[in-house]
Amino acid sequence: MQAADLSAVLSENTTIHSRYLHRNVKIDFYIPKNIVDRTQLTLLLINDGQNMNELGLRKILDNLYFQNQIIPILCAAIHAGQERKIEYGTAIRADYLGRGSKAGLYTKFVREELVPFIQRKFHHLIFTEKAFAGFSLGGLMALDIVWNCPDEFNKVGIFSGSLWWRSLDHTDDKYEDEFHRIMHQQIKRGQYHPGLRFFLTTGSLDETHDRNENGVIDSIDDTLALIEDLESLGYKNGKDIYYKNYEDGRHDIATWARAMPEFLKWGWSKGTSSEEKDVRGSMLDA
């Protein structure tokens, strides 16, 4: 009981029914207790909210608040349903196996049901910005929503994102990275949106696949290619883009738990100059 009283974060959960997903969706809220300015707050949505206890999000937030390292953030962790691989993906199309066929409906749920619900629930708060984060396939879904809704979101955290998401199986003779990675194609055809920022991480032990046999695992290859595509549109690595690879990092919650404080400090540092953020944003673990 004493530990709860000492926490800088209030936890609360609720369930809302989605007419788009035809299911109840559980949302866990992590609400900062000490909000000085209720008109200057960030809303951070996080996919795979069912994993936040294991990731230790509340403890991470507590530590950062107690150390006075970040400004207050209202986090809303969205629990995935039984059709996670159908609801997460890219709204523009499903992958070559039909996965992600409900990603468009998930996007509508977020924009038309969840965000309005949060704004009603926390009507006494004003969100000056909204961000989205996710892990693996949830990271791809977060990126897809932010990329296609730059008028509503301005930051995205992609932890070991499933950026391989493709329209054709890589074993097909006609497959080419240049044309069949769905998210990369969207970005290539997109445009620069001022103020949009990207946080990406990988782990050298994310996987063992190396489809082009260049000695670099696909997870890293796909992430670096995405960064190149963003740079081609005018986004600056070290300013608009932060990328960090964990040499001992795996495709697991333990690795993402290590990266989460970096993400939060990157996006919402307290008392850190923009110049210092730019320098830190260009760091890459060797």
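**Pocket, core and strands**

User: Which element gives the largest share of the lining of the largest pocket?
Analyst: This is a predicted model, in which local features need pLDDT of at least 70 and side-chain atom pairs count only at pLDDT 80 or more, while totals for chains, interfaces and linings use all residues. Residues are numbered from 1 along each chain as its sequence is written, and side-chain values use heavy atoms, with hydrogens and water left out. Elements are DSSP runs numbered from the N terminus, either helices (H or I, at least four residues) or strands (E, at least two). The largest share of the lining is three residues, and these come from α9.

User: Which residues lie nearest the centre of the largest pocket?
Analyst: A pocket is an open set of points on a 1 Å grid over the protein atoms alone, where a 1.4 Å probe fits and protein lies on both sides within 12 Å along at least five of seven lines; lining residues have an atom within 4 Å of a point. The lining of the largest pocket holds 21 residues, and those nearest its centre are S162, W164, E207, H209 and H251.

User: How many residues of that lining are charged?
Analyst: Asp, Glu, Lys and Arg count as charged, Ala, Val, Leu, Ile, Met, Phe, Trp, Tyr, Cys and Pro as nonpolar, and the others, Gly among them, as polar. In the largest pocket, four lining residues are nonpolar and eight are polar, while the charged ones number nine.

User: Is strand β2 largely enclosed or open, and why?
Analyst: A residue is buried under 20% relative accessible area, exposed over 50% and partly exposed in between (1.4 Å probe, protein chains only). Strand β2 covers residues 23–32, and eight of its 10 residues are buried, so with regard to the rest of the structure it is largely enclosed.

User: What is the bridge partner of S11 in β2?
Analyst: Two strands pair if DSSP finds at least two bridges between them. Strand β1 (residues 9–18) pairs with β2 in the antiparallel sense over 10 bridges, and the hairpin that they form has four residues between the strands, with H22 at a positive phi near 55°. Within this pairing, the partner of S11 is Y30.
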